[in-house]
Amino acid sequence: MTDTAVYAAGGVVWRLVDGKLTVLLIHRTAYRDVTLPKGKVDPGETLAETAAREIFEETGIRVSLGVPVGVSRYQMPNKRQKIVHYWSAEATEAAIRASAFVPNREIAAIEWVTPKKALKRLSYPVDVEILENFLQFVDDGVLATFPLIVLRHAKAVPREEWKGKDAARPLSPRGRRQANAVVGQLIAFGPRKIVSSPAVRCLKTVIPLSAALGRRIEETKLISQDAWEEGASDARRIIGERVRSRKPAVLCSHGPVLPEILTEIALATGTLRGSYLGSASALDAGAFSVVHLSATNPGSGIVAIETHEPKV
């Protein structure tokens, strides 16, 4: 990888038709090829935002990202390296009906085919490899997933500069920028529930997300730093509720509480604990980890974890 590399993102978009798996292929007009939906990162975008945007722009289908399914690297004609990150993405029937796709100068057609046909029709070996990665999850019994997104609150005013109660400590100017900037990143994963510590710095971090989604914030002291310091936190109860509901959720909490939250996700899903939990919980202010779980059998263990840094 070089500093001149071009970054892009996309997805393996899938749906079940009468119980049978089909995936979406893109027939590009200018290149006369068959590929997976993808596109280059726009200035100020993260890879996850790019993947969701490009899938929508090329197919008209709005998706939420599922598990990451690989990274392709290849050299373009101008000798620069192109690095493309891919996620699995389910196309719901409602999203397909809402699609306004029409053939255009970039995309001649989109086509739903079986994975077997897709492997034969894709024009590039790197795309075949990504689809094979996706199909490995399918072979392992994992198709539909839901994310639990563990978010550390954005940058707050330092303790030594704050005279009031710690729970009332506000975000710094940078923290306010982070709270606004993280909205697009989080929405790419389709959260439907927002759970937060009642500390001001946590609530202020998720208020922009709440406004964008039109969903209220559920406050709970059980994942607050005050409760953690008093030995009264109870991440187990919160995580148990979220795993049983099987709905995409954001949980906003504090640095010292995050290891407990990640550990409880592992315990609730029958996952062996390991050093990966430490990495996923050691987040900077405004960063988050996405824990992907099976929607049909969340007790089968964590499917994947990915960590995203703040944009500002």
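## Getting oriented

Helices (DSSP runs of H or I, at least four residues) and strands (DSSP runs of E, at least two) are numbered here from the N terminus. The model is predicted, so local features need pLDDT of at least 70 and side-chain atom pairs count only at pLDDT 80 or more, while totals for chains, interfaces and linings use all residues. Residues are numbered from 1 along each chain as its sequence is written, and side-chain values use heavy atoms, with hydrogens and water left out.

## Two loops with positive phi

Let's start with a pair of loops. Lys79 is found in the loop between strand 5 (65–75) and strand 6 (81–90). Its phi is near 80 degrees, a positive value in a residue other than glycine. Lys79 is exposed, with a relative accessible area of 62%; on this scale, buried means under 20% relative accessible area, exposed over 50%, and partly exposed in between (1.4 Å probe, protein chains only).

Arg32 belongs to the loop between strand 2 (20–28) and strand 3 (33–35). Phi is positive for Arg32 too, near 50 degrees, and this residue is not glycine. Arg32 counts as exposed, at 78% relative accessibility.

Helix 5 covers residues 173–187, which makes 15 residues. From first C-alpha to last it reaches 23 Å, close to the 21 Å expected at 1.5 Å a residue (the expected span is 1.5 Å times one less than the number of residues). The helix has a kink of about 30 degrees centred on Ala181, where the bend is the angle between axes fitted to the seven residues ending there and the seven starting there.

Which residues of helix 5 are buried? They are Gly175, Gln178, Ala179, Ala181, Val182, Val183, Gln185 and Leu186. These buried residues pack against helix 1 (47–59), strand 8 (145–152), helix 6 (200–213), strand 11 (249–253), strand 12 (288–294) and strand 13 (302–308), with contact meaning heavy atoms within 4.5 Å.

## The largest nonpolar core

A nonpolar core is a set of buried Ala, Val, Leu, Ile, Met, Phe, Trp, Tyr and Cys residues joined through side-chain atoms within 4.5 Å. The largest one here has 25 residues, and those with the most contacts inside it are Leu148, Ile223, Ile261, Ile265 and Leu293. At least two core residues come from each of strand 8, helix 8 (235–245), strand 11, helix 9 (258–268), helix 10 (275–281) and strand 12. Helix 9 gives the most, with 5 residues.

Take a look at Ile261: leaving aside neighbours within four places in sequence, Ile261 is in contact with Val150, Ile223, Ala235, Ile239 and Ser253.

## Rings and their partners

The structure holds 1 aromatic pair. It is formed by Phe189 and Phe288, edge-to-face, at 6.5 Å centre to centre and 75 degrees between the planes. Rings of Phe, Tyr and Trp (its six-membered ring) pair if their centres lie within 6.5 Å; planes under 30 degrees apart count as stacked, over 60 as edge-to-face and the rest as tilted. Phe189 lies in the loop between helix 5 and strand 9 (193–196) and Phe288 in strand 12, so the pair ties together parts that are 99 residues apart in sequence. Both Phe189 and Phe288 are buried.

Thr307 touches Ala280, Leu283, Phe288 and Ser289, not counting residues up to four places away in sequence. Thr307 is partly exposed, with a relative accessible area of 37%.
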